Amino acid sequence: MNKRQLLLQGVNLGMIITSALMIWKSMVLATGSESPMVVVLSGSMEPGFYRGDILFLYQPKTPAQTGDIIVFNTDDREIPIVHRIIKVHERAEGSPPRLDILTKGDSNWPDDRSLYPRGQLWLNTGHIMGKVVGFLPHIGRVTNIMNDYPWFKYALIAALGVVVVTSKEG
Amino acid sequence: MSHSWLSRANALATFAGTVLAVVCLAVTATDYFHKSQPVLSCEFVGTEGLQKEFGHDRAHVVLNLTADLRSEFSWNTKQLFVFVDFEFATRKNARNQMVMWSANVLDKEHALIRVPTLRAQYPYALTDQGFGLRDREFNITVGWNVMPRVGALFTRRRTFAGLGPLPDEYFQPTAGRVRRPGSDEFVEVPTGGAEEDADPYYTDA
């Protein structure tokens, strides 16, 4: 394995990574959502969505409606939540008019007020990362395994590294 | 090209992934051709109560809903999330829209929905962000979110406009006794009991 082959391998790897990044960023632009694909992490929307399902998001131009399934993040959370809008109050004035939004998971008993930061009663449009428009079952289960068992993630990366280094051709 | 097990596994995985992706796209494309004829009717039975609470009004409304959504089920339909919206406008808010009832319909047999005394289920509540519910006109919109096995989600709605208005004065809620729309008379209606709070369509099976 000489220097030239090593460089070629490096360029190939770089191409794969940058292509993936370009596809992701194009999706961000096309959908208007900062995270156009998400993996369902909890069972609060069962039986519609299970852990490990993949959701496709889109930022619609029309204002939020009840019944929409949205992915939102409140200011103090790391991990966004996928729940359904159950109440909307839209102000008469303002451009665009302010929305007060309340959400609830389909299989949860109460509404989401206990999940919002202390003292916050409503979400608004700024909290919404996107509306769920597409669904793919089970594919995201790999992500769940990697989150629950970090050693699996490192083992996978190590295995991929070995494959890249030992493969003979570009 | 080497014929090692690694390159075979690679080729197999790539082919399987491509085929799966194409099949998923084809499945979701079939949704476009599915025609549905939903049949719905909704009546405003009456108001069980109209309360002034701390900072806001609360209404207790009874509806009579029939929804035949069986034709919405295609082979790619996993479930319908059916919901009933109560909508009104006030001076402060151009749109107030709140779910008052919902059900998960998992199969075609359960998609014929009859709720003769439909009331708000916990935690749904008919409240204003002020005191604007007296004499308020309202619409009822029945929506069903079609959730597929694979592919695009969409929601269809049917609005029943101008069913109101709500009564023009506050009165304490009494279960089983509604004030008929547009009149002062009260009639007895079945209370429905705890079954109305439970989700009759979603089972763990």
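Student: Why is the pair A:Asp68 and B:Arg157 called a salt bridge?

Tutor: The closest N and O atoms of A:Asp68 and B:Arg157 are 3.9 Å apart. The pair crosses between chains, from A:Asp68 in the loop between strand 2 (54–58) and strand 3 (69–72) of chain A to B:Arg157 in strand 9 (residues 154–160) of chain B. A salt bridge needs a side-chain nitrogen of Lys or Arg within 4 Å of a carboxyl oxygen of Asp or Glu, so this pair qualifies. Before we go on: this is a predicted model, in which local features need pLDDT of at least 70 and side-chain atom pairs count only at pLDDT 80 or more, while totals for chains, interfaces and linings use all residues. Residues are numbered from 1 along each chain as written, chains are lettered from A and ligands numbered from 1 in written order, and side-chain values use heavy atoms, without hydrogens and water.

Student: How many salt bridges are there between chain A and chain B?

Tutor: Between chain A and chain B the count is 2, and over all chains the structure holds 13.

Student: What makes chain A and chain B partners in contact?

Tutor: Heavy atoms within 4.5 Å make a contact. By that rule 35 residues of chain A touch 34 residues of chain B. The two chains bury about 2,800 Å² between them, with carbon and sulfur atoms giving 52%; buried area is the accessible area (1.4 Å probe) lost on putting two parts together, summed over both.

Student: Which elements give two or more residues to the side of chain A that touches chain B?

Tutor: They are strand 4 (81–94), strand 5 (97–104) and strand 6 (128–136) of chain A. Strand 4 supplies the largest share, 9 residues. That side of chain A divides into 19 nonpolar, 6 polar and 10 charged residues. Helices (H or I, at least four residues) and strands (E, at least two) are DSSP runs, numbered from the N terminus.

Student: What makes strand 6 of chain A and strand 8 of chain B a pair?

Tutor: Strand 6 of chain A and strand 8 (residues 151–152) of chain B run antiparallel and are joined by 2 bridges. Pairing asks DSSP for at least two bridges, so these strands reach the cut-off. In this picture A:Phe135 stands opposite B:Gly151.

Student: How many bridges join strand 2 and strand 6 of chain A?

Tutor: Those two strands pair over 5 bridges, in the antiparallel sense, and A:Leu57 has A:Val132 as its bridge partner in strand 6. Strand 2 of chain A also pairs with strand 1 (residues 37–39), antiparallel over 3 bridges. There, A:Val38 stands opposite A:Leu55.

Student: Where are the domains of chain A, and how much area do they bury?

Tutor: The domain assignment, automatic or from a database, gives domain 1 (1–31) and domain 2 (32–155) of chain A. Their centres, taken over C-alpha atoms, are separated by 30 Å. The contact takes 6 residues from domain 1 and 9 residues from domain 2. These domains of chain A bury about 570 Å² between them, 63% of it on carbon and sulfur atoms. A:Trp24, A:Met27 and A:Thr31 supply 78% of the area that domain 1 buries against domain 2, more than any other three residues.

Student: And where are the domains of chain B?

Tutor: Chain B is assigned domain 1 (1–33) and domain 2 (36–204), with C-alpha centres 45 Å apart. Here 5 residues of domain 1 are in contact with 7 residues of domain 2.

Student: What makes A:Pro96 and A:His138 worth a look?

Tutor: A cis peptide bond joins A:Ser95 and A:Pro96, with omega about 0 degrees. A:Pro96 sits in the loop between strand 4 and strand 5 of chain A. A:His138 has a positive phi, near 70 degrees, in a residue other than glycine, and its place is the loop between strand 6 and helix 2 (141–148) of chain A. Most residues other than glycine have a negative phi, and most peptide bonds are trans.

Note on methods:
Nonpolar A, V, L, I, M, F, W, Y, C, P; charged D, E, K, R; others polar.
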